[in-house]
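Dear colleague,

I am handing over the structure that follows.

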There are 2 protein chains.
Amino acid sequence: MATTHDHARICRGCWDQMRMPIPIRGPLAIPFRVLGITRSKMNPNICTICERSFRYVKKQRHISATATILFADIRGYTHMSERLDPVMLSDLVSVFHDQCAQAIWDHDGIVNKQMGDGLMAIFNFPIKSERHAAAAVAAARDIQHRCAERFTFADLPAGMALGIGIGVHTGQVEIGEFSTFRSDFTAIGGTVNVTARLQAAAAAGEILLTDEVAAQVADIAAGAATRRLDLKGIEQPVLVHVLTNSF
Amino acid sequence: MATTHDHARICRGCWDQMRMPIPIRGPLAIPFRVLGITRSKMNPNICTICERSFRYVKKQRHISATATILFADIRGYTHMSERLDPVMLSDLVSVFHDQCAQAIWDHDGIVNKQMGDGLMAIFNFPIKSERHAAAAVAAARDIQHRCAERFTFADLPAGMALGIGIGVHTGQVEIGEFSTFRSDFTAIGGTVNVTARLQAAAAAGEILLTDEVAAQVADIAAGAATRRLDLKGIEQPVLVHVLTNSF
């Protein structure tokens, strides 16, 4: 997939969702900026109409949609946060978030939430993508590669290794605003929670995919190991496909 | 503590941090709104200068500060998200977030992050509060009371109870922006992670406090049960003081 995140002249979210051309770059974007409509921090190819005005544009507080969710975090972050100098910890988190964002944007996802070291990305909303599960897996692999490259020279104290854990799942989610005082949207529902649990179960360097995702990336998942996991709060064991850096 | 969250005419964060009077209500606020400076979604008594322009105002990307952190979530949310109708789940999350926000704002905290059902609040930044640990505990108790009241009539499926788990810890944190593409600040560091772990260890209806917090609310914590917890990623067991609805 091509790097497109610094090219779109109109908001790709507003276009995909409503066929509405909202200029986000170039001279036509200036009057919009004056009105407070700027590029979104979630993805520089969408605008703040996508991000903030869910109920006014969609005329409903949330919608059901099919999407792929990705969670990523730094394994052992709590342990590190107890030992690392705060400035080094901050730098680590910044580099991680920036690398993740680049990888996610390159595959048309949005960085929907960041909390501490962790982040949640959504694929297929608001930028539509037919192969959203494949896009998320590509982004996940890209995150692992980027972090492996960036973090080799990080002078962490002896015995402290740095690794990223990622979970990817696809399915039905509720997207919208879930508090009356916040106007930025998010996705909730079982699919989202399974993804968060997958990520928590991923070891450093691993990308855990559900069956639903693996079916969409058969070529990549073909040789991958599988594992049956009992995830907290989820009744049935979940079969996961484990991608590592060698895939 | 008085309910002040709908009274301030100037941004309390800008005033406390910089002695700068930024109008956020009344006619004087209109020119600021035109410039895009509005009330923050984190707390309606602070403005978006506090929220978004950390590096320009403070001239540094992050600062060390003493603060109290509160994490709250709905216990068993993953289990619920697998079983509940998405609309009911959405309503549940919305009511929870709104009740939390009111409680947190009443005690001069900010709702810094929301992710799924969970949220993170900060006390003592940007609104300064000498007794920030006590304020956070008061907010936590308020959340429990509000949710106990609001959720009794929620027609959850039989056998599905609803309870809130809360963790509160106080100490040194790094506050600032931790990615180059996001301009909203957050707090990171060991104190934040311990709080997140406490919340994860709290049963429905419980508020877990560290020793540092309990020392600040001696009257409330006096009769509370204590528990020694092994928290993931944290080397030493942590002694917690357990507040329940009876306190």
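The notes below describe what was found in this structure.

This is a predicted model, in which local features need pLDDT of at least 70 and side-chain atom pairs count only at pLDDT 80 or more, while totals for chains, interfaces and linings use all residues. Residues are numbered from 1 along each chain as its sequence is written, and chains are lettered from A, with ligands numbered from 1, in the order in which they are written.

Domains of chain A

Chain A is split into domain 1 (12-52) and domain 2 (62-243); such bounds come from an automatic or database domain assignment. Between the C-alpha centres of domain 1 and domain 2 of chain A there are 26 Å. To their contact, domain 1 of chain A gives 12 residues and domain 2 of chain A gives 10 residues, where two residues are in contact if their C-beta atoms, placed from the backbone, lie within 7 Å. On the side of domain 1 of chain A that touches domain 2 of chain A, α1 (12-18) and α3 (48-52) of chain A each supply at least two residues. Helices (H or I, at least four residues) and strands (E, at least two) are DSSP runs, numbered from the N terminus. The largest share of that side of domain 1 of chain A, four residues, is provided by α1(A). By class, the residues of that side are four nonpolar, four polar and four charged. Here Ala, Val, Leu, Ile, Met, Phe, Trp, Tyr, Cys and Pro count as nonpolar, Asp, Glu, Lys and Arg as charged, and the others, Gly among them, as polar.

The contact between the chains

Chain B and chain A each bring 39 residues to their contact. On the side of chain B that touches chain A, β1, α5 (77-83), α6 (86-106), β2 (110-115) and α8 (190-201) of chain B each supply at least two residues. Of these elements, α6(B) gives the largest share, eight residues. The residues on this side of chain B comprise 11 nonpolar, 19 polar and nine charged.

Strands

In chain B, 10 of the 14 residues of strand β1 (residues 62-75) are buried, so β1(B) is largely enclosed by the rest of the structure. A residue is buried if 20 or more other C-beta atoms lie within 10 Å of its own, exposed if 12 or fewer, and partly exposed in between, with C-beta atoms placed from the backbone. β1(B) runs antiparallel to strand β4 (residues 163-176) of chain B, to which 14 bridges join it; B:T66 has B:Q172 of β4(B) as its bridge partner. Two strands pair if DSSP finds at least two bridges between them. β1(B) also pairs in the antiparallel sense with strand β3 (residues 118-123) of chain B, over five bridges, and here B:A72 has the bridge partner B:L119.

In chain A, zero of the five residues of strand β7 (residues 225-229) are buried, so β7(A) lies largely in the open. Five bridges link β7(A) to the antiparallel strand β8 (residues 238-243) of chain A, and A:R227 is bridged to A:V240 in β8(A).

Helix packing

Helix α6 (residues 86-106) and helix α7 (residues 132-151) of chain A have axes that come within 9 Å and cross at roughly 145 degrees. Axes are lines fitted to C-alpha atoms, for helices over the stretch in contact, and angles run from 0 to 180 degrees between N-to-C directions. Residues in this contact include A:F96 and A:I104 of α6(A) and A:I143 and A:R146 of α7(A). Its residues fall into eight nonpolar, one polar and four charged.

In chain B, α6(B) and helix α7 (residues 132-151) pack at an angle of about 145 degrees, with their axes 9 Å apart.

Backbone details

The peptide bond from A:F125 to A:P126 is cis, with omega near -5 degrees, and A:P126 sits in the loop between β3 (118-123) and α7 of chain A. B:F125 and B:P126 are likewise joined by a cis peptide bond, with omega about -5 degrees.

A:R19, although not a glycine, has a positive phi of about 55 degrees. A:R19 is exposed, with 7 other C-beta atoms within 10 Å. A:D108, also not a glycine, has a positive phi of about 65 degrees. A:D108 counts as buried, with 26 C-beta neighbours inside 10 Å, and belongs to the loop between α6 and β2 (110-115) of chain A.

With kind regards
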